[in-house]
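Student: I'd like a close look at one single part of this model. Can you walk me through it?

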Amino acid sequence: MVKKSLKTRKFDPLETERWNTVSTKLVEQYLSGAGYPGSGGVSIGDVQIRLKVVPLQGMKTSPVDGSSKKLFGKEEADVPIQLALSSSPAPDPRFIARGPMTLKDRFPPKCRVVLTKGKYRGCIGTVLGTNDKTRWA
């Protein structure tokens, strides 16, 4: 979780009206839907605070060392605070970043691999074994 410093400022009347209009639209969208299945049916009540968040798009696993990192979108989403969690009650282990893996963990004995470089590119092989706990160079 990335935390940024809290910034507050006073809205002028035009900004206040725009904020209220967007908040009302959000309440309606969450209740009746945004035009695609599964997007409606939640009564969120009055919107007092909205968060600007960058959604998690997925995970990227390095083909070199097996490490993984989170990939975030490029556009911010505007989310009413009552729909946000400060922490997940059931974290998904698939979305936990990890460092480099040992060769043995990345390619356990008897796993199937496809060669991607060199003379035998495209050939399928079976891992017979790896050096003790060697990490990728």
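Student: Let's zoom in on V54: what does V54 count as at 36% relative accessibility?

Tutor: V54 counts as partly exposed, a class running between buried (under 20% relative accessible area) and exposed (over 50%), with a 1.4 Å probe and protein chains only. Quick caveats: this is a predicted model, where local features need pLDDT of at least 70 and side-chain atom pairs pLDDT 80 or more, while totals for chains, interfaces and linings use all residues. Residues are numbered from 1 along each chain as its sequence is written, and side-chain values use heavy atoms, leaving out hydrogens and water.

As for where V54 sits, it's in the loop between β1 (50-53) and β2 (56-61); strands here are DSSP E runs of at least two residues, helices H or I runs of at least four, numbered from the N terminus.

Now for some contrast. S68, in strand β3 (residues 68-72), is buried at 8% relative accessible area. Beyond four places in sequence, S68 is in contact (heavy atoms within 4.5 Å) with M59, K60, T61, I96, A97 and R98. L26, which lies in helix α1 (residues 13-32), is buried too, at 10%. With neighbours within four places left aside, L26 touches I44, R50, D78 and P80. And 20 residues along the chain from L26 there's D46, with their C-alpha atoms 10.0 Å apart.
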